[in-house]
Amino acid sequence: MSSLFGARVQRVEDDRLLRGRGAFLDDLGQDALAAAFVRSPHAHARITGIDVSAALEVPGVVAVYTCQDLPPRLAQPLPLLIPHPDLTHGRTPYPLASGEVNHVGEAVAMVVAADRYLAEDAADLVDVSYEPLPAVVGLDAARAAVHLVHDDVPGNRAANSVQEHGDTAAAIAAAPHVLELDLEIERSASMPLEGRGVLARWDGQSESLVLWTSTQTSTGVRAAVAAKLGLDLSQVDVITPDVGGGFGVKIVHPWPEEVLVPWAARMLGQPVKFTEDRREHFIASAHERGQQHHVTVGYDDDGRILGLDVRFWHDNGAYVPYGLIVPIVTSTQLLGPYKPGAYRVEFDSLYTNTVLVTPYRGAGRPQGCFVMERTVDAIAAALRLDRTLVRERNLIQPGEMPYDQGLIFQDGRPLIYDSGDYPAMLAKIKDLIGWEKFALLKDAAAAEGRRIGIGLACYVEGTGVGPYEGAHVVVETSGKVKVATGLTSQGQGHRTMLAQLVADELGVPMADVDVVTGDTRRFGYAVGTFASRTAVMSGSAVTLAARKARQKALRVAAGALEVSPDDLEITGGMVQVRGDPDSGISLGTVAVLSNPLRYAFDDAAKAATQFAGGGDPGKPPVEPDDEPGIEGRAYFSPVRSTFASGMHAAIVETDPDTAEVRILRYCVVHDCGPLINPQIVEGQIHGGVAQGVGGALYERMAYDEDGQLVNASFMDFLMPYVSEVPREVEIDHLETPSPLNPLGIKGAGEAGVIPGAAALAAAIEDAEGIPVRSMPLSPSDLFELRQASDQQTAPRAGGRQAGGAIPFPDGSGNDG
Amino acid sequence: MSAADELHGEELHEVRLTVNGAARTARVPARRLLSDCIRHDLRLTGTHVGCEHGVCGACTILLDGLPVRSCLLLAVSADGCDITTVEGLAETDGTLSAVQQAFFECHGLQCGFCTPGFLTTITAGLRVVPDPDDEQAREMIGGNLCRCTGYQNILASVHRAAEIIRERAASASAGRA
Amino acid sequence: MKPRPVGYMRPEAMADALAALAAQDAEVKVLAGGQSLVPLMSLRLAAPELLVDINRLAGLSYVQVADGQVRVGALARHAEVLASQAAAAAQPLLRKALRFVAHPAIRNRGTTVGSIVHADPAGEMPAVLALLAGTVQVTSAAGQRSIPASEFFIGPLESAVQPDELATEVRFPVLAGPAAGTGFAEISRRRGDYAVCGVAAMAWLDAGGRVGGARAAYLSVGPYPVVLDLTDAVSGEAADAAAFPAAASLARARLQPASDIHATASYRRQLAGALTERALAEALGDAREAMAA
């Protein structure tokens with residue numbers, strides 16, 4: 001049997017989903033009561049009164065709750081999941097607002113009714129009196145701190161954090177050249193097609209709660225809900241249904257709804273379900289990406305970065321339940337594949353009266369990549385050097401691995417790159433996009449009056465973040481192999497990928513392997529799905545667990561066949577003496593043999609009795625350090641993250657009249673080590689690239705000065721259709737194995753999105769000859785940039801070549 | 001209609017539909033969206049709701065053979081109509097339809113939430129344009145959002161589906177010959 | 001996002017529909033395609049008390065060419081108008097503009113009459129009606145009247161149709177003259193979105209084959225479609241000129257678009273100029289073909 005590792009196996013998930021037999025959250029609980037929420041229409045206000053009497057009169061309404069109705073455990077702020085010493089002023093929301101609301105969409109009251117229509121009718125009738133307060137919207141306002149989001153958080157500053165490696169100020173002061181840049185990325189969001197949802201069933205007799213939630217962490221929700229409801233962990237089970245996309249937003253937990261819905265179910269003695277609608281998802285879940293950065297970089301005549309100082313401001317929205325992960329990732333992953341002589345990064349995480357900010361695919365890396373790559377391009381422009389040459393000169397060399405960047409990563413561990421070959425990757429991307437030949441293409445286009453440009457961007461991504469994942473593998477007497485791991489799936493094909501690994505390890509057909517994810521009844525210790533960690537973490541765990549099961553199976557079979565385990569192999573589900581198929585017994589039979597039951601329940605058990613010769617009467621049927629059954633349970637806990645990397649390159653055309661941007665080519669070179677299922681990895685890249693394009697050219701959350709989200713719908717928040725993505729995504733792979741896990745793999749889930757904004761900004765700048773420092777860039781934005789540039793730089797400096805020096809509006813940047 | 005035909009104070013209307021070939025009825029208030037009627041009254045949950053403002057296309061069904069957004073229709077408006085949902089696409093013996101099979105082969109779905117809307121849309125689309133070129137394939141799926149796949153494999157699925165339809169037609173007539 | 005409770009009737013006779021509209025004892029809205037109304041109801045931005053579903057009224061789903069007009073009945077779906085060969089032959093601008101209306105699934109249900117009555121200044125069909133100086137036929141219990149395009153669009157999402165009236169037909173004049181042509185150009189953020197700016201144009205040649213005159217209607221530049229006479233800027237020009245800068249300048253000078261989250265006013269103005277040239281070029285190309293034929 002050939003190995004499934006590396007095979008383009010079609011997915012086991014698909015058949016049900018294609019037939020419309022998916023079980024997404026809202027498909028479940030058809031008998032449940034429906035919850036709807038009264039949400040604040042103000043960005044910042046005091047609540048002076050809530051009158052629910054009219055709402056209670058609506059037919060079909062069962063209950064209306066406000067903060068006053070909640071028990072003490074629930075009438076307090078939700079957990080701050082990831083504390084950090086620098087997060088000195090962390091604030092989290094109440095499940096239902098207590099006296100103050102801090103963003104449009106914050107939950108104020110919960111209505112439970114016979115169906116969602118009636119619940120919304122009642123929610124409309126809940127009369128909340130607000131005293132509006134000044135709203136702090138945008139980073140400029142947050143920094144200026146004329147008004148505060150939280151009265152007890154001076155300067156709207158949740159955290160100030162500094163990391164440094166080397167003496168950056170000295171390095172910059174001594175550098176032959178210095179550049180300063182201001183760079184900005186605006187807010188976007190994960191925006192999965194399925195919003196959040198929770199279904200709770202409380203069983204009064206057994207005093208147990210079963211919760212379904214569209215989450216990225218079933219164990220996280222379980223622990224939080226148990227704590228909030230005052231239940232033992234063993235009284236709560238969380239099952240993750242089919243999830244219609246997560247992209248990070250569903251890692252946050254517990255959402256207010258995730259604790260309120262089970263609480264209501266228990267209070268009312270009936271199942272209760274909450275299904276978020278699209279407007280709620282815009283104003284009551286989470287956003288990400290909004291940051292402003294100021295860069296000061298000192299470099300030499302070759303473009304080598306001697307000192308890099310990055311000061312940035314992160315808009316964390318009204319609360320920080322997820323801590324500082326996003327800005328910490330920006331801080332550390334900004335370095336990409338480079339080794340600046342010295343690096344200092346400082347950020348302020350600031351409150352605004354807007355929706356929370358928590359990780360969205362890339363989780364701060366897209367911003368970091370944008371900053372670093374635009375800086376490198378600016379250095380190249382100032383020195384009139386080829387942009388890939390400057391990159392080459394700054395790359396960490398393969399011989400320098402493992403490379404210690406001298407910083408602490410988001411997992412609290414040293415930022416040490418384990419493996420990677422950045423020079424080889426650069427050569428590949430240049431080749432794929434045709435970097436050397438582009439100047440000719442550009443000239444030819446210019447002769448036709450067309451503007452085209454080329455850009456590229458590099459990133460490094462810490463994946464397979466700990467602390468651990470685990471897995472359980474059991475061979476049943478039927479020969480079927482049941483696998484469980486605690487993290488969750490949102491469309492990444494985990495069940496397929498993990499089944500490939502188990503099938504390979506155990507020597508069984510993939511069709512005999514069934515994988516369950518995200519169900520605390522099946523596996524109770526887990527962290528969750530985020531940070532591109534599933535293949536590394538659960539992949540390693542299922543492999544180790546399957547190995548244990550295999551060892552056991554060989555031992556038991558060896559006893560039955562009276563050979564040494566070393567003489568045996570497992571192929572096609574049969575345990576046999578190497579090269580002797582006739583000698584084989586099925587794994588199912590081995591499973592029967594491993595469990596010395598008194599009773600023969602079925603044919604498999606009966607058939608196994610031919611081997612049950614009674615055993616040694618001097619020994620117990622189950623030895624002291626042994627167990628019945630063919631099972632393996634294993635955990636994988638890496639010492640550090642493992643670092644994937646990649647480079648994207650794009651060729652764009654800009655319209656001289658309409659400023660529209662068209663992507664002519666989009667190339668990806670991608671290194672996540674060996675690929676378990678190339679088709680799945682490519683699919684992840686395609687999806688990530690689409691989100692990267694979305695973030696570069698289309699998507700931004702538009703808040704007005706009153707803190708109203710003006711584009712809270714799919715009509716005005718512009719996610720790409722097929723017409724907006726590149727016509728083709730050309731992919732080449734590199735594989736530098738990881739030394740940090742048994743499979744040698746690295747994570748792949750987020751990679752596609754990370755360098756999108758950087759690569760496209762670079763290409764547009766190359767086409768236009770105008771610095772692009774802020775994304776997303778719409779045609780209108782580009783038009784306005786052109787206008788501003790025409791006004792400020794006429795007459796332009798002569799002798800600018802393609803890809804050469806770009807004048808800065810303030811005249812700086814050429815010689816420091 | 002008798003006065004007892006109401007629920008929670010709202011008048012109920014009888015809606016008769018043919019759904020995937022079967023006669024179905026529901027008694028619903030006028031404001032009941034067709035998407036909710038299909039999902040919760042008829043318990044066919046394969047059709048999904050992504051936005052309720054007609055943009056994402058996840059709720060797309062075939063109404064008298066044409067793709068429409070079920071979230072933009074009131075169930076009462078659809079009285080008397082013939083509806084096909086994703087549950088009605090596979091063959092009677094359970095074989096995946098050509099479009100479903102193509103998605104499977106081409107990895108055209110990841111989370112599967114938007115997929116039913118694409119399947120119905122493409123099923124109808126290929127009836128009108130059985131041999132789409134690249135532009136026509138893009139036009140066919142141009143009104144449906146997907147957040148997972150980036151569309152590349154969905155486009156491949158459209159072309160593969162057209163191929164499978166041809167292959168099945170060829171082997172059917174070969175079988176008859 | 002679910003609609004508020006609403007009353008519902010689905011008359012099979014026009015008289016019953018009109019009676020319901022005339023009754024005026026409740027807020028009544030007509031439901032035809034529903035592609036604009038239903039999402040507004042789901043968002044609870046519209047909360048009529050009674051819906052009059054006209055989808056069962058007989059004899060309203062026609063697309064016909066008669067008396068120098070393309071006549072579209074109230075229940076003709078965009079897709080049907082788009083597919084009509086007779087309509088496309090008589091007035092090519094209809095098909096050119098309809099291709100930009102949303103996406104096929106919306107066009108399968110939405111009605112052309114409905115979209116004109118909805119009077120969205122970013123809509124394609126209101127601009128087409130304005131350009132062609134068409135009319136809207138409305139009926140009430142009190143009788144019928146014909147509203148010319150110039151009086152039809154009052155403001156954003158506001159038309160001259162009164163609460164007791166039902167729009168039953170839209171009439172688009174056919175493309176007349178031996179050497180006339182139409183063009184349509186639109187820029188939207190994504191394919192199928194509302195226009196950031198759009199232009200519907202009509203142009204004709206003089207006897208010598210040079211530009212005789214032109215007219216254009218603009219979408220997304222104000223509270224309703226704006227029609228500009230471009231004749232002074234283009235008459236006498238070569239019909240196959242590469243550019244029409246005077247027409248573009250005229251458009252940019254005369255239009256007063258607004259800024260919003262998708263585009264600045266100055267960018268919209270820029271687009272209005274650029275798209276005027278594109279639509280004009282297309283119209284003149286068609287006109288030259290017509291003259292050669």
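Here is a short tour of this predicted model, stop by stop.

Before you click, note that residues count from 1 along each chain as its sequence is written, while chains are lettered from A and ligands numbered from 1 in the order in which they are written. As the model is predicted, local features need pLDDT of at least 70, side-chain atom pairs count only at pLDDT 80 or more, and totals for chains, interfaces and linings use all residues; side-chain values use heavy atoms, with hydrogens and water left out.

**Stop 1: helix 1 of chain B**

Select residues 34-41 of chain B. Helices (H or I, at least four residues) and strands (E, at least two) are DSSP runs, numbered from the N terminus. Here 7 of the 8 residues are buried, so the helix is largely enclosed by the rest of the structure. Buried means under 20% relative accessible area, exposed over 50%, and partly exposed in between (1.4 Å probe, protein chains only). Among the buried ones are B:Leu34, B:Cys37 and B:Ile38. Now show what they pack against: on chain A, helix 3 (116-125) and strand 12 (272-275), and on chain B, strands including strand 2 (10-19) and strand 3 (22-29). Just past the helix, look at B:Arg43, with its positive phi of about 55°.

**Stop 2: A:Gln216**

Jump to the loop between strand 10 (208-213) and helix 6 (218-229) of chain A, where A:Gln216 sits. Is A:Gln216 buried or exposed? It's buried, at 3% relative accessible area. Its side chain reaches the backbone oxygen of A:Thr529 at 2.8 Å. Beyond its neighbours within four places in sequence, A:Gln216 is in contact (heavy atoms within 4.5 Å) with residues including A:Phe247, A:Lys250 and A:Gln490.

**Stop 3: A:Phe601**

Next, pick A:Phe601, in the loop between helix 16 (587-593) and helix 17 (603-608) of chain A. A:Phe601 is exposed, with a relative accessible area of 66%.

**Stop 4: where chain A meets chain C**

Colour the two chains separately. The contact takes 32 residues from chain A and 22 residues from chain C. How many salt bridges are there between chain A and chain C? There are 5 (a salt bridge being a side-chain nitrogen of Lys or Arg within 4 Å of a carboxyl oxygen of Asp or Glu). Zoom in on A:Asp121 and C:Arg44, a salt bridge whose closest N and O atoms are 2.8 Å apart. Helix 3 and helix 20 (779-793) of chain A each supply at least two residues of the side that touches chain C. The largest share of that side, 5 residues, comes from helix 3 of chain A.

How values were computed:
Polar contact = N/O pair within 3.5 Å; in protein donor to acceptor, adjacent residues only side chain to side chain.
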